[in-house]
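Subject: Structure handover

Hello,

Please find the structure below.

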Amino acid sequence: MSDRGHEIYDVVGIGFGPSNLSLAIAIEEYGAGGPGNGISSLFFERQASFGWHRNMLLPSATMQISFLKDLVTIRNPTSSFSFVAYLQASGRLPQFVNKQDFFPTRREFHSYLEWAQARVSDRVAYGSEVTSIRLPAGEAPDHLLLEIADDTGRRMVGARNVVISTGLVPSLPEGIDRDERVWHSCDFLEQYRRMNPRILRRVAVAGAGQSAAEITRFLYDELPHAEVYAVIPSYGYSVADDTPFANQVFDRAAVDDFYFGTEQTREAFWRYHRNTNYSVVDDEVIRELYRRSYDDDVLGVRRLRFLNLTRVTGAKRAGEETRISLQAGEDGEVRELDVDALVCATGYRAMEPAGLLGDLDRHCLRDEAGRYQVDRDYRLVTVPEVRCGIYLQGGTEHTHGLISSLLSAIAVRSGEIVESIVSRRVGDNVDGAVPAEAGSDLR
Ligand code: FDA
Ligand code: NAP
């Protein structure tokens, strides 16, 4: 396996969130399918230990998908890595069933993910950031080189296939930078815990999505002495559509319909079903916030203040306080408000692999709009000289649709990636032919 001083693996995963955790399990289950199924793999995660959006593990936050859309079940309902298997191992299966609820808390789901990762952790290097990927010297090399930075320095590993799964990129309003009083929701709990809560007498939360609504509810409950300003671009929070027909957009068939559809089909998916996920809030959280606002009315206090049809357009320090600029509508007058902290729950951009790919990026083909061309099996389309696979888990909204950044995708997508790696490997050995049964252990 070793070549010029570095190990070479069949698969190297970059990032170890739920997507690559699901892939590690799919590789393990494929390997257990029979002799000769072994796929060597190693995953790199820059965090010191496993963590899934830890700074948003708010006490009552629940999952936005059914527990059955865990790391494995949709791909392999009999997997020992399912949420149900975790409940059994934790001794809570009957209690969970009695609860009659499809949506566990995020804290419980996090505990499930930790349980699952512990079972594959021999293939994960934590505290290890992949800083670049490149082609080794020589003609049509059969592996890529990855540079890893960890607390011992820098090292290289080789990969016949790379699976990039580095997650969403936090997005702040233009011109606003994070500091100790201006936070993005992805840093929320860490920043909040650093503060003396008594100092927080007036806080603002920008955004009308799930993160904003959950943080607004949390601050209102945790800071009984404080005013909480919710700065929302809409007139009121819009509900996330998770009704059964709409949920079909997350099925495997919908990925095919999106991928093989026309430009108009793809546009229709986004136009009609963006409200399954973006800038929307769970019905229950909306109602809880409204109830709090109504209780304020009854008590004649106004702690929860909604600044609707408004966006935050700037933030600057004014002594101990942060002065934020608020604009109602594009041409609206700009007002200022002094707050002790501003939380920008202003969403995320899609995963962007260009930084990691560096010079290799120019070997990846793009469409007319400048977006990566991606095969149905999530493999970047490259020039033929690049023989190795570069797969994306995330960042494929333009090719695979709404599901790309969501957990709904991961069980099936991981299986599809393993199938692709296996069938291409077999195909390589027999002069390009890809046997139909390759990877069938994963179905
Ligand atoms: P994720 O972001 O989880 O993991 C990426 C990992 O890569 C991180 O651990 C990061 O540290 C690591 N990394 C990045 N660069 C690296 C590098 N160069 N080297 C090494 N490691 C690197 N979706 C859903 O379907 N249902 C839900 O309930 C929720 N809930 C939810 C809550 C919150 C607060 C957010 C912000 C988002 C969600 N989501 C969601 C959507 C979310 O994208 C999804 O749940 C997963 O996080 C996707 O998992 P990934 O593994 O792809 O990315
Ligand atoms: P989001 O859905 O993209 O929402 C971002 C919000 O910020 C939008 O309402 C946006 O309005 C608003 N915004 C942008 N710029 C603004 C500005 N300058 N001033 C005021 N508002 C501004 O992001 P999110 O809420 O972080 O959700 C991201 C993903 O995480 C979703 O998939 C969500 O479901 C998930 N999530 C899940 C949970 C959970 O599982 N419990 C919790 C949190 C998040 P416009 O749309 O008008 O720009």
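Predicted model: local features only at pLDDT ≥ 70, side-chain atom pairs only at ≥ 80, totals over all residues.

Residues are numbered from 1 along each chain as its sequence is written, chains are lettered from A and ligands numbered from 1 in the order in which they are written, and side-chain values use heavy atoms, with hydrogens and water left out.

Ligand 1

The shell around ligand 1 holds 29 residues, the closest being Ser19, Glu45, Trp52, Ser405 and Leu407 (a residue is near a molecule if one of its heavy atoms lies within 4 Å of it). Polar contacts (pairs of N or O atoms within 3.5 Å) involve the backbone here: a polar backbone atom of Leu407 is 2.7 Å from an oxygen atom of ligand 1, and one of Val130 is 3.0 Å from a nitrogen atom of the ligand. The protein buries 90% of the 990 Å² that ligand 1 exposes when taken alone (Shrake-Rupley method, 1.4 Å probe). Helix H1 (18–31) and strand S5 (129–134) are the elements that give two or more residues to this shell (DSSP runs, numbered from the N terminus: helices are H or I with at least four residues, strands E with at least two).

Ligand 2

Around ligand 2 there are 23 residues, and the closest are Gln64, Ser211, Glu214, Asn277 and Ser279. Oxygen atoms of ligand 2 lie 2.3 Å from a polar side-chain atom of Gln64, 2.7 Å from one of Ser279 and 2.8 Å from a side-chain N or O atom of Arg311. Taken alone, ligand 2 exposes 920 Å², of which the protein buries 81%. Helix H6 (210–222) and strand S13 (310–318) each supply at least two shell residues; H6 gives the largest share, 3 residues. Ligand 2 lies between domain 1 (8–168 + 350–442) and domain 2 (170–240 + 278–348), because both give residues to its shell (bounds from an automatic or database domain assignment).

Sheet

An open, parallel sheet of 5 strands has the order S9-S16-S10-S11-S12 (two strands pair if DSSP finds at least two bridges between them). Strands S9 (182–184) and S12 (304–308) stand at the edges with a single partner strand each, so one side of each is left without a neighbour in the sheet. Strand S10 (residues 202–206) is joined to S11 (residues 227–232) by 5 bridges, and Val205 stands opposite Ala230 in S11.

Regards

Methods:
Polar contact = N/O pair within 3.5 Å; in protein donor to acceptor, adjacent residues only side chain to side chain.
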